[in-house]
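Visitor: I have a chain on screen and would like to go through it. Can we start with the overall numbers?

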Amino acid sequence: MGLKAKVQPLMEETPVRVAVRIRPLLPKEKLHGHQTCLQGDPEKKEVTLGHSQRFQFETIFTETSDQVSVYATCVQPLVEAFLEGFNVTVFAYGQTGSGKTYTIGEARVCKSTGFLA
């Protein structure tokens, strides 16, 4: 008997998914002439650090991505799974000043529905 190749789980069955959001430069960073060191390619699901180091992730959000797309892609499916009885977690990780609060803390709650707007 030969060895069988290990079947990779479908994306829906993967317990951990990693999304990267590249935050825009802050006004003070622009003022000091800083430049971004990351380039994101959402179609290739790839982030380039500097000129040559490339890393792949499940989802890439560039500097122009808005809160609605981040929520719709990363959080809304988890909220729906939670309402179906599954345990879920949204976890923001990164170095100080990398944009965690920018990503997680910028949401607004719609007064009429109580949902994120």
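Guide: Of the chain's 117 residues, 15% count as buried. Keep in mind that this is a predicted model.

Visitor: What does the accessible surface come to, and what share belongs to carbon and sulfur atoms?
Guide: The accessible surface of the chain is about 9900 Å², and carbon and sulfur atoms hold 58% of that.

Visitor: And contacts? What share comes from residues 24 or more positions apart?
Guide: Taking the contacts in the chain with a separation of 6 or more, 37% are between residues 24 or more positions apart.

Visitor: OK, secondary structure. How many helices and strands?
Guide: The chain has three helices and five strands. Along the sequence they follow the pattern β-α-β-β-β-β-α-α.

Visitor: What is the strand order in the open sheet?
Guide: The order is β2-β3-β4, an open sheet of three strands with antiparallel pairing. From one strand to the next, the twist averages 20°.

Visitor: How many bridges between β2 and β3?
Guide: Four bridges, in the antiparallel sense, with β3 covering residues 46–49. Within that pairing, Q39 stands opposite T48 in β3.

Visitor: Which residue in that hairpin takes a positive phi?
Guide: K45 does, with phi near 55°. The hairpin of β2 and β3 has four residues between the strands.

Visitor: Now the other side of β3. How is β3 joined to β4?
Guide: By four bridges, with the two strands running antiparallel. L49 stands opposite Q53 in β4. β3 and β4 also form a hairpin, with three residues between them. In its turn, G50 has a positive phi of about 70°.

Visitor: Changing topic: T62. Where does T62 lie?
Guide: T62 is in the loop between β5 (59–61) and α2 (67–83).

Visitor: Buried or exposed?
Guide: T62 counts as buried, because its relative accessibility is 16% and the cut-off for buried is under 20%.

Visitor: What is T62 in contact with, leaving aside neighbours within four places in sequence?
Guide: I22, G40 and P42.

Visitor: Take G94. Where is G94 found, and what does its accessibility make it?
Guide: G94 is in the loop between α2 and α3 (100–104). Its relative accessibility is 27%, so G94 counts as partly exposed.

Methods. Residues numbered from 1 in each chain as written. Predicted model: local features only at pLDDT ≥ 70, side-chain atom pairs only at ≥ 80, totals over all residues. Heavy atoms only, no water. Pairing = 2+ DSSP bridges. Axes fitted to C-alpha atoms, helices over the stretch in contact; angles between N-to-C directions. Buried < 20%, exposed > 50% of the residue type's maximum accessible area, 1.4 Å probe, protein only. Contact = heavy atoms within 4.5 Å. Areas by Shrake-Rupley, 256 points an atom, 1.4 Å probe, with all protein chains shown as cover.
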